[in-house]
Amino acid sequence: MWPKRGLYRVARSHRQLELPVTLCNLGVGATFGESVLHDLPRDSTVVTKTTCELLRVEQQDFRLIWEKNKELMTDIITNCKLKNGVSTVVSAAQTKRPPSPDHPNPALPITEQPSPAMFRMGWALRTLLVADTSSCLKDRKVSGKLVRKCAPGTELVEWLINLSPIVHTRVQAAGMWQALVEEGVLAHVNKEQPFKDKCFLYRFRVDEDGSSGGPPTTEDINSANDHIREALSGLLHRGPDATLRMILRKPSHERTQEELELVFEELLHIAALSHLSTSIKRELASIIVFESHPAAGTVLFNQGDEGRSWYILLKGSVDVVIHGKGTVATLKEGDDFGKLALINDAPRAATIVLKQNNCHLLRVDKEHFNRILRDVEANTLRLQEHGKDVLILERVAKQRGHTAYKYTVMSGTPQKMLEHLLETRLGGQVGPNDPFLDDFLLTHIVFLPVHMLVDELANQYPFTNA
């Protein structure tokens, strides 16, 4: 319950005297009644003290919200208990929890060292900022401590827009600064925020570690101007990808609706997810996580470990190693792995070792995989040729009177979809709830033009002279 207006008294009866004891008073914005989550009896009585208005969430809906946003809901309830005075007081240092070791921190870089191109770009931008006496890069006091040469995100965005006509919007500028943050060239002064077009303070790495040297010379300024003209478009190009990676490193409850839509649009282009429905991709957009590993030779997980996540390789390659056999396969960009241990609730069947530096992956953790994907993947049949999926089928429930399972087509190459159609959907084999034949006849013109369809049919039914 969320009181909108009014005052409540929460009371509990004393066990010996059976006299009501007031525990606390709840005001506007307080919540109560979360015991319905666990089907527990009420442990106190709530009595209105004034005329009140409430917002009410039914048990079924509350459980659904909880399952999708456990971390956020736990924080809300805990904070409300503390505010109401009915929970143990915890110090600020204790309540400020760092991100889980398994969840990447979007404020930190994804590489151990910036690439030469990004380091050079950071140097050029900082040189021009320092040379501009009216710029936003200044010494400021933060929590009583002097921080050298830092600037608010809002002013850095404005400065970059004014620097070059190729930067048209604040979103573009923020993405360009985030590209520098994810490589460690720029950072939030307390390492708590990715780049945001807000009043958070940021500074360059060279100012943080004291390696910046003296004021820029005229030669430095001219060189920086020349480099900016040549290379700023590259930073502009990196911005959208850096922004997406930042979103994918944020906890689910911090992703805005606009950010979820951006992630969803990217998931549409990932081959490993092509067989999944739109609704499932939208669910994945809120929970899928980006992680990076800078060093080759890193072991992602060992054979025999508990399966905790499913992975999709975005950049780099990994070796699949089995005890007694050595490396049995190498997976490359676009490949996925780690699914079987989650579907079968079994230990890892192999060890995964990163083969290259700076590998990028997408990760779906076990809790979310079980909730969203387990049934789908367990009922998915993949036909492969030369290591590539050419037809993906989903098993559907048996129909009454039939002993065999039926399969519906999720995706595939045009030729394999036609072959499957001819083998399984002709001669009265089409069920009343099977839309595949109708869908194919209505849409084949998009992916299999008529002349190609005629050629494929001729291959299936070659003409022979009597």
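A contact is defined here as a pair of heavy atoms within 4.5 Å. The structure is a predicted model, in which local features need pLDDT of at least 70 and side-chain atom pairs count only at pLDDT 80 or more, while totals for chains, interfaces and linings use all residues. Residues are numbered from 1 along each chain as its sequence is written, and side-chain values use heavy atoms, with hydrogens and water left out.

The chain holds 16 helices and 20 strands; these elements are DSSP runs, H or I of at least four residues for helices and E of at least two for strands, numbered from the N terminus. Of the 466 residues in the chain, 37% are buried, where buried means under 20% relative accessible area, exposed over 50%, and partly exposed in between (1.4 Å probe, protein chains only). Among contacts with a separation of 6 or more, 64% link residues 24 or more positions apart.

Confidence is expressed as pLDDT, the predictor's value for each residue from 0 to 100. Its mean over the chain is 81, and 77% of the residues reach 70 or more. The highest mean, 96, belongs to helix α6 (residues 170-181), and the lowest, 36, to helix α3 (residues 92-95). The pLDDT is below 50 over residues 86-101, a stretch that has twelve contacts in the model beyond near neighbours in sequence.

Arg148 lies in strand β7 (residues 145-152). With a relative accessible area of 48%, Arg148 is partly exposed. Excluding residues up to four places away in sequence, Arg148 touches Lys138, Asp139, Arg203 and Asp207. The side chains of Arg148 and Asp139 are joined by a polar contact of 2.8 Å; a polar contact is a pair of N or O atoms within 3.5 Å, of which, within protein, one must be able to donate a hydrogen and the other to accept it, and residues adjacent in sequence count only if both atoms are side-chain atoms. Arg203 is 55 residues from Arg148 along the chain, with 8.0 Å between their C-alpha atoms.

Strand β7 belongs to an open, antiparallel sheet of four strands in the order β6-β7-β9-β8. Strands are taken as paired if DSSP finds at least two bridges between them. The edges are β6 (138-142) and β8 (186-188), each with a single partner strand, so one side of each lacks a neighbour in the sheet. On average, neighbouring strands of this sheet are turned by 60 degrees against each other, direction ignored. Helix α5 (residues 153-163) packs on the sheet, touching β6, β7 and β9, and its direction makes about 40 degrees with that of β7. Axes are lines fitted to C-alpha atoms, for helices over the stretch in contact, and angles run from 0 to 180 degrees between N-to-C directions. Three bridges join β8 to the antiparallel strand β9 (residues 201-204), with Leu186 opposite Phe204.

Strand β10 (residues 289-293) is largely enclosed by the rest of the structure, because five of its five residues are buried. Val289, Glu291 and His293 point one way from β10, and Phe290 and Ser292 the other way. Five bridges connect β10 to the antiparallel strand β17 (residues 359-365), in which Leu362 is the bridge partner of Phe290.
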